[in-house]
Amino acid sequence: MNNLTTYLAISAALFILGVLAMMTRKNAVSVLMGVELVLNAAGLNFVAFSRYGAGNLNGQAAALFIMIVAAAEAAVALAIFLNLYRLKATAEVNKADSLKW
Amino acid sequence: MELLKQIVFFLFVALTLASAMVVVFHKRIIYSAFALLFTFFGVAALYVYLAADFLAASQVLIYVGGILTLIIFGVFLTARITTLEIPDETHQRYIALIPVVLLGVGLFWMIYTTPWGSVVRPVEPTTKDLGKLLLTDYLVPFEVASMLLLAALIGAMRLARFYKGTDD
């Protein structure tokens with residue numbers, strides 16, 4: 001059972017859950033959690049292909065870069081949420097509609 | 001022994017997916033944040049099963065130690081903390097199902113109909129080879145990533161800082 005298909009199915013399930021969180025959640029921090037789930041799914045895919053597909057370590061290096069980008073993105077996103085909270089006194093994404101005419 | 005390995009594997013898969021579902025569907029955002037902890041640990045365990053020892057350790061250090069702490073700080077800083085029951089409403093719940101179901105059907109159809117190759121990399125320590133790879137083939141992306149981290153560090157501090165007396 002431990003083959004490439006199993007891991008791809010797990011990561012597809014994680015990806016779908018992350019997309020669902022991004023689309024349905026109102027709080028911006030929950031949306032960020034959905035993004036993290038999607039990034040984890042992508043990393044899992046890379047590592048699975050590194051083990052079963054190509055047979056070299058390039059996939060693991062790509063997963064490492066995904067982690068770095070996820071860390072940078074989380075820091076900047078939370079700084080933006082803090083500003084949003086300061087301006088609008090809410091962290092809900094549908095309240096940030098100043099550009100909407 | 002092989003059977004035990006399989007049972008533990010499926011326990012970890014169940015832990016990962018169940019806690020990811022808690023992240024997506026729980027009404028209270030603190031519960032979601034703590035469920036995300038178990039998702040990250042589950043993914044780290046799957047990395048161990050995929051013979052990626054260095055990545056499993058980095059997953060625990062970076063995601064659990066860094067990103068999750070940051071997310072929990074974010075929850076507390078953007079909510080009025082009178083109670084831990086910070087609710088999180090959902091919106092567009094039914095219309096979101098359409099693209100998600102389409103995406104899921106497409107992904108699983110692709111996964112189960114594609115004939116994947118079956119080259120299996122042997123189980124061996126990866127840290128040394130990964131380090132060599134980062135300083136040879138991936139040297140430029142490595143440097144760009146360090147610049148990205150520096151820029152994100154400065155940018156996040158600049159954005160999150162409170163300036164007294166200005167509207168900035």
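Predicted model: local features only at pLDDT ≥ 70, side-chain atom pairs only at ≥ 80, totals over all residues.
Axes are lines fitted to C-alpha atoms, for helices over the stretch in contact, and the angles between N-to-C directions run from 0 to 180 degrees. With that in hand, take α1(A) and helix α4 (residues 97-113) of chain B: their axes come within 10 Å and cross at roughly 170°.

Residues are numbered from 1 along each chain as its sequence is written, while chains are lettered from A and ligands numbered from 1 in the order in which they are written.

**How confident is the predictor about chain A?**

- Chain A has a mean pLDDT of 89, and 98% of its residues reach 70 or more; pLDDT is the predictor's confidence in each residue, from 0 to 100.
- Among the elements of chain A, the highest mean pLDDT belongs to α1(A), at 93, and the lowest to α3(A), at 90.

**Chain B on its own**

- Chain B has six helices and zero strands; helices (H or I, at least four residues) and strands (E, at least two) are DSSP runs, numbered from the N terminus.
- The radius of gyration of chain B is 21 Å, well over the 15 Å that the globule rule gives for 168 residues, so chain B is more spread out than a compact globule. This radius is taken over C-alpha atoms, and the rule is 2.2 Å times the number of residues to the power 0.38.
- Along the principal axes, the C-alpha atoms of chain B fill a box of roughly 60 × 45 × 30 Å.
- Of the 168 residues of chain B, 22% count as buried (20 or more other C-beta atoms within 10 Å of a residue's own; 12 or fewer is exposed, and in between is partly exposed, with C-beta atoms placed from the backbone).

**Two alanines to find in chain B**

- Ala45(B) lies in helix α2 of chain B and, with 20 C-beta neighbours inside 10 Å, counts as buried.
- Ala51(B) lies in the loop between α2 and α3 (53-77) of chain B, and its 19 C-beta neighbours inside 10 Å make it partly exposed. Phi of Ala51(B) is near 60°, a positive value in a residue other than glycine.

**Where the chains meet**

- The contact takes 60 residues from chain A and 66 residues from chain B; two residues are in contact if their C-beta atoms, placed from the backbone, lie within 7 Å.
- On the side of chain A that touches chain B, α3(A) gives the largest share, 20 residues.
- By class, that side of chain A has 44 nonpolar, twelve polar and four charged residues. Ala, Val, Leu, Ile, Met, Phe, Trp, Tyr, Cys and Pro count as nonpolar, Asp, Glu, Lys and Arg as charged, and the others, Gly among them, as polar.

**Two helix pairs across the contact**

- In the pair that opened this briefing, residues of α1(A) including Leu8(A) and Ile16(A) meet residues of α4(B), among them Leu107(B) and Phe108(B).
- The contact of α1(A) with α4(B) has twelve nonpolar, two polar and no charged residues.
- The axes of α2(A) and helix α2 (residues 29-49) of chain B come within 11 Å and cross at roughly 5°, and α2(A) and α2(B) are therefore roughly parallel to each other.
- The contact of α2(A) with α2(B) has ten nonpolar, four polar and one charged residues.

Notes:
Parallel < 35°, antiparallel > 145°, perpendicular 65-115°, else oblique.
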